[in-house]
Amino acid sequence: MNEPQALTQPPLPDHLSIDPRSPHHVAAVFQHDIGIRFNDQERFDVAEYCISEGWVKVPAGKTLDRKGQPLMIRLKGKVEVFYK
């Protein structure tokens, strides 16, 4: 039963952001449930990732920047992305 659904899922990009203002935002991917594994542990707080460069951006606690957006930190490591 998963075969028809797999055909409708767009390929996962190398670089993806949840911010719609970003040039790396692909809205079609977010219509499906995706998972991100960072250093062999699934993360649920990733805002942006790049597989080829090996990093993820996550919020730095509750700190906000001057525009009211969460302050992000970049963590380096092994990044794997998959459809759930």
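Q: How are residues numbered, and what limits apply to the values?
A: Residues are numbered from 1 along each chain as its sequence is written, and side-chain values use heavy atoms, with hydrogens and water left out. Because the model is predicted, local features need pLDDT of at least 70 and side-chain atom pairs count only at pLDDT 80 or more, while totals for chains, interfaces and linings use all residues.

Q: Which residues form the largest nonpolar core?
A: A nonpolar core is a set of buried Ala, Val, Leu, Ile, Met, Phe, Trp, Tyr and Cys residues joined through side-chain atoms within 4.5 Å, where buried means under 20% relative accessible area, exposed over 50% and partly exposed in between (1.4 Å probe, protein chains only). Here the largest one has 11 residues, among them Leu 16, Val 29, Ile 34, Phe 38 and Val 81. Two or more residues come from each of β2 (34-38), β5 (55-64) and β7 (79-83), strands being DSSP runs (E, at least two residues) numbered from the N terminus, and β2 gives the largest share, three residues.

Q: What does Val 29 touch, beyond residues up to four places away in sequence?
A: Contact means heavy atoms within 4.5 Å, and the partners of Val 29 include Pro 10, Leu 16, Ile 34 and Tyr 83.

Q: Where do Asn 39 and Asp 40 lie, and what is their phi?
A: Most residues other than glycine have a negative phi. Asn 39, however, has a positive phi of about 50°, and that of Asp 40 is positive too, near 65°.

Notes. Helix = DSSP H or I, 4+ residues; strand = E, 2+ residues; numbered from the N terminus.
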